[in-house]
Amino acid sequence: MASSDLKSAALLDQMKTHFSTDAGKALVKKINLVYQINLAPKKMGFNEEIYVVDLKKGEVTKGPYEGGKPDATFSFTDEDFYKIATGKMNPQIAFMRGKMKVKGSLSAAQKFTPDIFPKPSKM
């Protein structure tokens, strides 16, 4: 992936490796959805970096989703995404407080939990 100043970019990079493990492959089979994640350095909607977490193919790519529409699209600031991915912030609470915006299928969005991220032991 291209280099980035975002803390979350390292996390998304780790996910690539995670998908090649047995736990990662099991996750892909279980969830089978495509998520687009828009990460902004400070304020949502400004200077965003876009990533696609494809849990159908088990890959993470930088840039908008090319295969039609993702099942759900999330917008976060880098800091809030990092907190959710590392389990320091509950996704439902983040959504209710406006720290996370969701477009697309809400049932797909509900499967987007900290469990899909590798445990941050290597960070």
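Which residues line the largest pocket?

A: The model is predicted, so local features are reported only at pLDDT of at least 70 and side-chain atom pairs only at pLDDT 80 or more, while totals for chains, interfaces and linings use all residues. Numbering starts from 1 along each chain as its sequence is written, and side-chain values rest on heavy atoms, without hydrogens or water.

The lining of the largest pocket consists of Phe74, Pro91, Gln92, Phe95, Met96, Met100, Val102, Leu106, Ala109, Gln110, Phe112 and Thr113. A pocket here is an open set of points on a 1 Å grid over the protein atoms alone, where a 1.4 Å probe fits and protein lies on both sides within 12 Å along at least five of seven lines; a lining residue has an atom within 4 Å of a point. Rolling a probe the size of a water molecule over the atoms shows where empty space is left. The volume of this pocket is about 190 Å³, taken as the space filled by probe spheres set on points that are joined across faces, edges and corners.

By residue class, the lining holds 9 nonpolar residues, 3 polar ones and no charged ones. In this count Ala, Val, Leu, Ile, Met, Phe, Trp, Tyr, Cys and Pro are nonpolar, Asp, Glu, Lys and Arg are charged, and the others, including Gly, are polar. Helix α4 contributes the most to the lining, with 4 residues, and α4 and α5 each supply at least two. Helices are DSSP runs of H or I with at least four residues, strands are runs of E with at least two, and both are numbered from the N terminus.

Helix α4, residues 91-96, gives the most to the patch, with 3 residues. Leu106 belongs to helix α5, residues 106-109, and counts as exposed because its relative accessibility is 54%; buried means under 20%, exposed over 50%, and partly exposed in between.

Asp80 sits in helix α3 and is buried, with a relative accessible area of 8%.

Side chains of opposite charge can pair when their charged atoms come close. The structure contains 2 salt bridges. One joins the side chains of Lys7 and Glu79 at 3.4 Å, N to O. Lys7 is in helix α1 (residues 7-18) and Glu79 in helix α3 (residues 78-85), so this pair ties together parts 72 residues apart in sequence. Both partners are partly exposed, Lys7 at 39% and Glu79 at 35%. Also in helix α1 is Ala10, whose C-alpha lies 9.8 Å from that of Tyr82, 72 residues away along the chain.

Glu49 and Lys62 form a salt bridge as well, at 3.3 Å, N to O. Because Glu49 lies in strand β2 (residues 49-54) and Lys62 in strand β3 (residues 59-62), this pair ties together parts 13 residues apart in sequence. Glu49 is buried at 18%, whereas Lys62 is partly exposed at 33%.

Two asparagines complete the description. Asn32, in the loop between α2 (22-31) and β1 (34-40), has a positive phi of about 50 degrees although it is not a glycine. Asn47, in the loop between β1 and β2, likewise has a positive phi of about 50 degrees. Most residues other than glycine have a negative phi. Asn32 is partly exposed at 40%, and Asn47 is exposed at 66%.

Note on methods:
Buried means under 20% relative accessible area, exposed over 50%, partly exposed in between (1.4 Å probe, protein chains only). A salt bridge is a side-chain nitrogen of Lys or Arg within 4 Å of a carboxyl oxygen of Asp or Glu.
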